[in-house]
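Please consult the sequence and the structure shown below.

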Amino acid sequence: MTGDMAGRGTVLVTGGTGKTGSRIAARLAAAGFQVRAAGRRPAPAREVERVRFDWDDPSTHNPALDGAHRLYLVAPAGAHDPAAPMLPFLRRARKAGVRRVVLLSSSAISETDGGLGEVHRAVREQFPEWAVLQPSWFMQNFTGDHLHAHSIRAHDEIVTATGDGRVAFVDVEDIAEVGVRALADERPHNTAHLITGPEALSYGDVAATVSRVAGRPVRHRCVAFAAMRDRLTAGGIPERFSELLAGMDRAIAGGSEDRTSPVVERVTGRPPRSFADFAAAHAPTWQR
Ligand SMILES: NC(=O)c1ccc[n+]([C@@H]2O[C@H](COP(=O)([O-])OP(=O)(O)OC[C@H]3O[C@@H](n4cnc5c(N)ncnc54)[C@H](OP(=O)(O)O)[C@@H]3O)[C@@H](O)[C@H]2O)c1
């Protein structure tokens with residue numbers, strides 16, 4: 001990390017209680033930045049200031065932006081049209097004096113798409129300093145509270161509509177590290193970062209690795225698009241968002257995510273974590 005921390009104002013971290021946001025907030029605070037974590041739940045770390053922030057409640061937006069010069073932007077969870085609240089928020093951010101925005105998007109969303117693609121364009125066009133993180137699928141989708149984790153624990157299976165398609169799964173820690181650099185480096189990155197792990201793997205490959213570290217067979221069961229959509233909806237994901245996610249699975253089956261990127265090593269100076277390493281460290285999460 002370069003540069004001094006004085007006179008930069010506050011870094012507002014939306015999604016500050018989430019997977020990337022909580023890690024980014026904690027690391028920036030440890031590096032001496034003044035950090036404000038925004039979300040509906042309490043902030044995870046004591047050294048981070050907390051502000052109540054709800055995408056659905058615009059009265060919480062200006063107080064969160066007060067004194068902020070830099071902004072980490074995470075979309076509202078499960079929204080099929082995240083641009084609707086995010087574009088007006090970016091206008092408020094400009095007015096409030098934010099100069100640098102780092103947006104969390106996805107490797108599956110390009111800036112010519114609607115939704116987060118529209119937010120990507122706005123960030124690039126409207127702020128002098130910016131970066132867009134476009135991570136591949138998170139390794140953490142297989143741990144904690146995620147549907148795949150439940151399904152592994154309860155049924156020894158991972159269910160997707162991805163066929164033999166491959167994805168370069170990435171550790172959220174690596175995404176957070178790139179995000180920290182994009183927010184903290186003195187020189188703005190002013191680019192989109194495609195962020196992947198070191199190798200593209202099928203869900204069958206993932207199931208084989210999980211089987212090995214969990215000590216019992218776990219399989220990949222491939223279903224059709226409609227069955228996947230209905231399964232996600234039954235798991236509590238809003239219907240239109242389930243449709244989007246199942247559509248992404250179908251694109252993976254067609255090879256859309258079969259690629260790796262050098263960004264983690266280029267930006268952070270060290271290679272991204274492999275799934276085998278991640279799985280070995282998280283084996284207890286899959287044990288019954
Ligand atoms: N999972 C993947 O494989 C993957 C891959 C690529 C990109 N992404 C992108 O990563 C982003 C984050 O996904 P995630 O599943 O990892 O979630 P997360 O960041 O772990 O959790 C979502 C965060 O957003 C906050 N939030 C949600 N709804 C909110 C609302 N209405 N108002 C204010 N804050 C709200 C939550 O805080 P509170 O609950 O405290 O409000 C939480 O901090 C998504 O945009 C997703 O498209 C995910």
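Which polar backbone atom is 2.9 Å from an oxygen atom of the ligand? That atom belongs to R41. The model is predicted, so local features need pLDDT of at least 70 and side-chain atom pairs pLDDT 80 or more, while totals for chains, interfaces and linings use all residues. Residues are numbered from 1 along each chain as its sequence is written, and side-chain values use heavy atoms, without hydrogens and water.

| Residue (backbone atom) | Ligand atom | Distance |
|---|---|---|
| K19 | oxygen | 2.8 Å |
| R41 | oxygen | 2.9 Å |
| W55 | nitrogen | 2.9 Å |

The protein buries 83% of the 890 Å² that the ligand exposes when taken alone (Shrake-Rupley method, 1.4 Å probe). Around the ligand are 22 residues, counted when a heavy atom lies within 4 Å; T17, G18, K19, R40 and N141 are the closest.

The open sheet has seven strands with parallel pairing, in the order β3-β2-β1-β4-β5-β6-β9. Strands are DSSP runs of E with at least two residues, and helices are runs of H or I with at least four; two strands pair if DSSP finds at least two bridges between them. At the edges, β3 (49–52) and β9 (191–195) each pair on one side only. From one strand to the next, the twist averages 20°, with axes fitted to C-alpha atoms and angles running from 0 to 180 degrees between N-to-C directions. Five bridges join β5 (residues 100–104) to β6 (residues 129–135), and L103 has V132 in β6 as its bridge partner.

Notes. Polar contact = N/O pair within 3.5 Å; in protein donor to acceptor, adjacent residues only side chain to side chain.
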